[in-house]
Amino acid sequence: MKSIYWFRNDLRLKDNQALNYALNNSDHILFIHIDDTLNNEDSSWGFKRRGKHRSIFMLQGLEELQKDLNAYGHKLNRFVGGAKNIFEGLIKQYKINSVFCEAIFAHEEQEKEKSIMELGVTIHAHFQSSLYMPEDLPFKVNDLPDTFTQFRNKIEAEGIVPEDPVVLSERIKEILPIFIVKENLSLPTFTEDYVNSSFPISDKKFKGGERNANLYIHHYFKSKYPETYKLTRNNLMGIECSTKFSPWLSLGFISPNQIYKALKEYERKNTANESTYWIFFELLWRDYFRFLFMKYGGEKFYKKGLGLSNDNFQHDEKKFIAWKDSRTPSSFINAGMNELNQTGFLSNRMRQIVASYLVNELGCDWRAGAAWFESQLIDYDVYSNYGNWSYISGFGTDPRGGRHFNTEKQKSIYDQSGAYESKWGKP
Ligand SMILES: Cc1cc2nc3c(=O)[nH]c(=O)nc-3n(C[C@H](O)[C@H](O)[C@H](O)COP(=O)(O)OP(=O)(O)OC[C@H]3O[C@@H](n4cnc5c(N)ncnc54)[C@H](O)[C@@H]3O)c2cc1C
């Protein structure tokens with residue numbers, strides 16, 4: 001059987017079940033990656049869907065994946081353009097029977113899977129980006145509790161342990177490769193200056209790719225930071241205050257199960273305390289948003305949140321542009337937006353503060369804010385981004401109906417010395 005393995009947000013060889021299925025069930029294999037966001041296409045909000053921060057990180061990771069596949073005598077065939085057209089050409093030319101990939105339960109991603117199915121091949125899409133698999137849950141995904149606390153309590157009450165990471169199938173050494181000589185690729189280049197301005201990329205150990213992800217996780221769990229994570233996670237600045245796992249998780253350079261395993265080893269060898277537990281707790285939030293998408297369907301989620309709140313959207317385009325360009329009346333908010341735009345990263349606390357400000361103080365549509373985050377964040381993840389935005393704006397499952405942060409109060413707690421504002425206050 002001739003198959004395509006389509007790398008999506010799972011840019012790694014280790015702990016990749018979908019990849020192993022492909023290897024174990026095919027005779028010939030063609031590895032592909034499709035970048036359908038590079039040249040595109042402004043979002044409906046009038047700006048690029050993916051800015052440079054994430055592009056650089058992704059390109060670094062793709063180069064590494066290419067090297068890793070080369071070491072097994074394979075090649076990563078890279079394409080830029082629309083998925084359906086690319087698949088159509090490949091299926092015809094190489095007489096492909098099956099497509100294997102990870103499943104992504106968000107609207108556009110599901111539409112792509114459907115459009116490939118219409119080309120007459122079998123598509124095996126395997127969901128694998130969460131810590132717990134849907135079949136491990138003590139309830140059906142459709143019965144997922146609507147509050148995070150109930151979800152967590154049910155998981156913990158059953159004592160369910162996440163699966164161990166899987167090793168790469170040995171079949172990769174025997175399976176016959178399919179090569180494409182000519183690719184339709186015109187990749188951008190980024191100047192050293194630009195790379196250096198991106199956080200976390202500016203620090204050498206924060207480069208994209210599977211190897212760097214593993215090195216970083218190793219480095220993090222060699223330190224003492226996990227022991228104090230809960231006390232420092234809300235700080236606005238500092239690499240060490242939170243784990244900084246999200247960029248690698250978002251592109252699948254590492255899996256949550258690999259991180260969980262490293263966390264448990266850390267606890268065994270060092271200390272298990274409230275802080276180390278809290279790293280697991282936050283990974284559960286990540287899972288929770290994934291299962292919410294599965295339960296409610298990506299399209300509904302994107303359009304209205306969960307529809308659990310009223311459906312009236314208000315929006316003020318001028319105020320939105322001032323927010324995204326760091327020109328609001330609040331110098332604290334402007335500092336946050338500067339940091340996001342210059343580096344592609346913001347602490348969780350600052351994400352919450354600027355999101356609440358856009359929705360509550362400026363009266364703008366949460367979806368515009370989520371789209372700007374999608375464009376700028378190095379760790380953009382469809383579930384976590386749209387999940388958190390809808391939660392904060394009251395269109396999600398927050399039992400309090402959304403969060404309204406008092407900007408000045410937040411500043412007085414989290415930037416008492418003014419250090420954050422003075423670092424990021426200038427565009
Ligand atoms: C408006 C808004 C938008 C967001 N958009 C994204 C996004 O696009 N991609 C993304 O990965 N995270 C997003 N988050 C969640 C969170 O802010 C980041 O995961 C976190 O700041 C990343 O830094 P860290 O890895 O140091 O996190 P840590 O605090 O060290 O947490 C460890 C891991 O737990 C997970 N996690 C932590 N908090 C959350 C959360 N609230 N929701 C889901 N998972 C969480 C992440 O995978 C993170 O890497 C968003 C939060 C808000 C409020």
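Among contacts in the protein between residues at least 6 apart in sequence, what percentage join residues at least 24 apart? The share is 78%, where a contact means heavy atoms within 4.5 Å. The structure is a predicted model, in which local features need pLDDT of at least 70 and side-chain atom pairs count only at pLDDT 80 or more, while totals for chains, interfaces and linings use all residues. Residues are numbered from 1 along each chain as its sequence is written, and side-chain values use heavy atoms, with hydrogens and water left out.

**Overall composition**

- Of its 427 residues, 58% are buried. Buried means under 20% relative accessible area, exposed means over 50%, and partly exposed lies in between (1.4 Å probe, protein chains only).
- The accessible surface is about 18,700 Å², and 49% of it belongs to carbon and sulfur atoms. Such areas come from the Shrake-Rupley method with a 1.4 Å probe, and for residues only the protein chains shown count as cover.

**Nonpolar cores**

- A nonpolar core is a set of buried Ala, Val, Leu, Ile, Met, Phe, Trp, Tyr and Cys residues joined through side-chain atoms within 4.5 Å.
- The largest core has 106 residues, of which Tyr5, Phe7, Phe31, Phe151, Phe245, Trp323 and Trp389 touch the most other members.
- Helix H11 (residues 274-296) supplies the largest share of this core, namely 14 residues.
- Another core, of 20 residues, lies apart from the largest one and includes Leu30, Ile32, Ile86 and Ile116.
- Leaving out residues up to four places away in sequence, phenylalanine 245 touches Tyr216, Ile217, Tyr220, Phe221, Ile259 and Ile279.

**Aromatic rings and charges**

- There are 43 aromatic pairs. Rings of Phe, Tyr and Trp (its six-membered ring) pair if their centres lie within 6.5 Å; planes under 30 degrees apart count as stacked, over 60 as edge-to-face and the rest as tilted.
- One of these pairs is edge-to-face: phenylalanine 139 and phenylalanine 151 stand 6.4 Å apart centre to centre, with 65 degrees between the planes.
- Phenylalanine 139 is in the loop between strand E5 (122-126) and helix H5 (148-158), and phenylalanine 151 is in helix H5, so the pair ties together parts that are twelve residues apart in sequence.
- Phenylalanine 139 is buried at 11% relative accessible area, and phenylalanine 151 is buried at 0%.
- Lysine 324 lies over the face of tryptophan 372, at 4.6 Å from the ring centre, and arginine 351 lies over the face of phenylalanine 345, at 5.1 Å. The rule requires NZ of Lys or CZ of Arg within 6 Å of the ring centre and within 35 degrees of the ring normal.

**Helix H2 and histidine 126**

- Helix H2 (residues 52-70) reaches 27 Å from its first C-alpha to its last. Of its 19 residues, 14 are buried, so H2 is largely enclosed by the rest of the structure.
- Histidine 126 belongs to strand E5 and is buried, with a relative accessible area of 18%.
- Apart from neighbours within four places in sequence, histidine 126 contacts Gln17, Ala18, Tyr21, Cys101, Glu102 and Ala103.

**Lysines with positive phi**

- Lysine 95 has a phi near 50 degrees; this residue is in the loop between helix H3 (83-94) and strand E4 (98-102) and is exposed at 60% relative accessible area.
- Lysine 244 has a phi of about 60 degrees; this residue is in the loop between helix H8 (229-232) and helix H9 (246-250) and is buried at 5%.

Terms used: Helix = DSSP H or I, 4+ residues; strand = E, 2+ residues; numbered from the N terminus. Expected span 1.5 Å × (residues − 1).
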